[in-house]
Each structure stands twice: as structure tokens, then as C-alpha cells.
Amino acid sequence: MLFEALTLQLGYNATLVTIGAALLGVAAGATGTFLYVGKRALVSDAISHATLPGVGLAFIFMVLLGGDGRFLPGLLLGSALSAAIGLLCVSWLSTRTRLAEDAAIGAVLSVFFGLGIVLLTVIQTMSSGRQAGLETFLLGSTAGMLWNDAVIIATGGALVLALVVLLRRPMTLVAFDSEFAASTGIDVRRTDLAMMGLALAITVVGLKIVGLILIVALLIIPAVAARFWSDRMGSVVGIAGAIGGASGWIGAALSATAPDLPTGPIIVLVAFGFFAVSLLFAPGRGVLAAVLRHRRFQARVHVRQGLLALAQEQPIYEGLTLRLMRRAGLIRADGVATEAGRAKAARALLDERRWQLLRADPRHEAAAARYDGLTPLETLLTADQIAELDRALKPEAAT
């Protein structure tokens with residue numbers, strides 16, 4: 001059944017929901033990258049929690065007008081208005097008072113979410129309207145989603161993605177260095193508002209699928225995971241969009257096979273799976289790559305120290321050093337140096353003496369700063385510089 005869901009063979013509505021969730025994930029991942037890079041991740045949390053009063057008030061308003069209160073565009077419009085008010089409150093508190101931005105976010109987040117819970121409680125006591133299912137906006141749900149709902153979500157996600165592509169350059173500059181962006185003529189305030197507006201749009205569009213509590217995870221987790229794979233902003237945005245899209249696709253398919261489980265947590269858990277894989281196996285920043293780099297560096301240090309000990313006819317007691325040197329063919333099983341070992345040991349000792357001269361000569365300060373004590377000096381210095389160092393060595397030390 002999962003295979004059918006992943007390959008869009010589980011019915012027309014499930015197909016629409018899966019495609020809509022994937023588009024939402026792509027847009028959320030790409031948009032969240034700018035929030036993450038600009039260190040504004042918590043703002044998205046305030047926006048998402050500020051949507052709840054808008055959902056409740058929109059429901060009450062539509063019921064008072066004679067509807068059933070569950071018209072999705074109306075609920076999304078209400079959530080967008082309250083989220084915008086919450087965003088303005090955060091901006092006002094952080095710029096017009098002595099509160100730091102994180103304190104302002106905490107205040108707005110808790111007050112708006114509390115108000116939303118109160119409104120949902122009031123709605124449960126109303127005799128009119130269709131209250132059932134309104135709580136799915138907390139954790140998200142695709143069960144019972146109509147074709148029109150899926151089209152709204154997919155269209156909203158596609159529009160946000162198009163705007164991210166259009167505004168990627170100014171948003172990148174503002175996220176990395178707002179002062180430099182201002183010096184290039186970019187309106188930092190408008191660009192920042194556009195960035196927050198896109199985050200708000202993603203939050204509102206994703207309420208039905210992921211829910212307001214977890215939409216922030218879909219904004220941030222793909223960006224954090226993508227950062228492990230690349231240092232280039234364009235690549236990070238693309239990878240974050242791909243991770244977000246795959247999370248939405250797989251999460252919606254899993255949710256279709258287990259309709260009793262809330263959709264939002266499933267999508268977020270899939271995104272966390274991508275994050276865990278990135279954390280462990282990314283080639284540049286992953287844990288495995290870091291461990292391998294450390295092991296390689298450790299081996300180079302041990303071999304270097306072993307070679308210096310051989311050159312100075314000192315005993316080697318370190319077990320790891322002995323194993324590494326035997327494996328490299330530098331010493332025999334009884335600890336006696338091989339021909340190759342003696343040659344390399346002499347070369348290591350010569351480099352050590354050259355380095356001592358290098359550090360003492362201010363003319364070679366830049367080269368001395370680059371030298372790690374392990375790499376052959378011939379790779380850092382020119383032949384003339386090596387010859388100059390050798391002339392300063394005692395004749396017996398230069399051989």
C-alpha cells in the first residue's frame with residue numbers, strides 16, 4: 001500500500017494531497033533557508049503560533065454569517081491576518097521597547113497561542129457550525145481533505161516558491177550581511193518584510209497539512225540538513241527545497257496509509273530522518289567525515305613522531321605508532337627500521353630543522369604560519385627558499 005501511495009496510485013485525492021505536500025515542502029525548505037541563515041528561525045515559531053486566534057475568529061465570523069465555519073480559504077485568511085498582527089507585535093516590541101527579539105517572540109507566541117486555545121474551547125460550546133476537525137490545525141491532517149483544499153495548498157506553495165526564486169539574491173545578501181546589502185542599494189527593510197511575508201505565507205498554507213505547531217520544523221529542518229552538504233547559498237537553497245519536498249511527499253504517502261496518525265508529525269519525522277542522515281554522512285560537515293578526518297590526522301601525527309624518533313635513534317613505545325609504521329612498511333615486526341623508514345626518517349628530521357630556521361626568520365613568517373608540521377616543506381616553499389634554509393643549516397644537518 002505504501003508503494004502505491006508513493007507512486008501516486010492510491011486514488012485521485014491522495015495523489016493531489018501528496019503533490020500538494022511535496023510542493024509545500026519544497027517552498028518551505030527554500031524559504032526556511034533564508035530564515036536559518038539570517039538567524040531568524042524563532043520568528044517563524046511566533047508566526048505559526050499566532051495563526052491560531054485567526055483560525056478561531058474566522059470560524060466564529062463565518063458561523064455568524066450563516067456558514068458552517070470550515071471554509072478553508074476563510075480560515076486561511078483569518079490565520080494570515082492574526083499571524084501578520086503577531087509579526088508586527090514582535091517587530092514593535094523588539095524595536096520600540098528594551099525587550100530582546102527572543103523575549104518578544106516568546107511573549108507573542110505564548111499570548112497568541114493561549115488566546116487561540118481559549119477561542120477553540122469557546123467554539124466547542126457553540127451549538128451552530130461544524131466544529132469537528134478544527135483541532136487538526138494544531139497537528140495537521142489530510143484525512144477528509146477536499147480537492148479544492150489540495151489545489152489551494154499546491155497553488156500557494158508554488159507561488160511562494162516562485163517568489164523565493166525571484167527574490168533569492170536580495171534575500172541572500174540581507175540574510176548574510178544586512179549592512180553590506182544596504183551598501184549595494186538593497187532596501188533591507190522591504191527585503192526583510194518580504195522574507196517574513198514568505199514565511200508567513202508558507203505557515204498559513206501549511207496549516208492544514210502540517211499544523212501550526214510543527215510547520216516551523218518544515219521551515220527549519222530541511223535548511224539545517226542542507227547546510228551539512230554545501231557551503232554555497234544557491235546549493236543550500238536547492239538541497240533544502242529537495243529535502244523539504246521529499247519529506248512532504250513521503251510523509252503524505254505514509255499518512256495516506258495510516259489515516260489515524262496526524263500528518264504533521266509524520267512529515268516532520270521524515271524530515272528529521274533526512275537531517276539525521278545528513279548529520280552522519282554528509283561528506284564535508286558530517287560526523288562520519290569528521291571522525292575520518294580526525295583519524296587520518298591522528299595517524300599522520302603518530303607516523304611523524306615515529307619517524308623523528310627513528311631519526312634520533314630513540315625508542316618508540318606508543319602502540320598505535322608502532323602499528324601504523326609497521327603497516328606503512330617503515331619498520332619491521334621487531335621494530336627495526338626498514339630502508340624506506342630510514343630514508344623517510346632522515347627527510348622528516350631535515351624538515352624539522354628547516355622549520356626551526358623558518359620560524360626564527362621574520363621573512364618567512366607567512367610560510368611558517370601555514371606550515372602544520374606534517375606536510376613536506378617542499379610543498380610550501382620554493383626551491384630557492386629551501387636552498388637558502390639549507391645554507392643556514394650546519395653541513396651535517398643538511399644531509
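At what angle do helix 13 and helix 14 pack? Before you look, know that this is a predicted model, where local features need pLDDT of at least 70, side-chain atom pairs count only at pLDDT 80 or more, and totals for chains, interfaces and linings use all residues. Residues are numbered from 1 along each chain as its sequence is written, and side-chain values use heavy atoms, leaving out hydrogens and water.

Now select residues 263-281 (helix 13) and 287-311 (helix 14): they pack at about 10 degrees, with axes 3 Å apart. Helices here are DSSP runs (H or I, at least four residues), numbered from the N terminus. Axes are lines fitted to C-alpha atoms over the stretch in contact, and angles run from 0 to 180 degrees between N-to-C directions. Helix 13 and helix 14 are therefore roughly parallel (angles under 35 degrees count as that).

Next, show the side chains where they meet: L279, L280 and F281 in helix 13 touch V287, L288 and A289 in helix 14 (contact means heavy atoms within 4.5 Å). By class, this contact has six nonpolar, no polar and no charged residues; Ala, Val, Leu, Ile, Met, Phe, Trp, Tyr, Cys and Pro count as nonpolar.

Stay in helix 13 and pick F272 and F275. Their rings form a tilted aromatic pair, 5.9 Å centre to centre with 40 degrees between the planes. Rings pair if their centres lie within 6.5 Å; planes under 30 degrees apart are stacked, over 60 edge-to-face, and the rest tilted. Being three residues apart in helix 13, F272 and F275 are separated by about one helical turn.

Last stop: select residues 46-65, a span that is 95% helix and 0% strand, with end C-alpha atoms 30 Å apart.

Terms used: Helix = DSSP H or I, 4+ residues; strand = E, 2+ residues; numbered from the N terminus. Parallel < 35°, antiparallel > 145°, perpendicular 65-115°, else oblique. Phe/Tyr/Trp six-rings, centres within 6.5 Å; stacked < 30°, edge-to-face > 60°.
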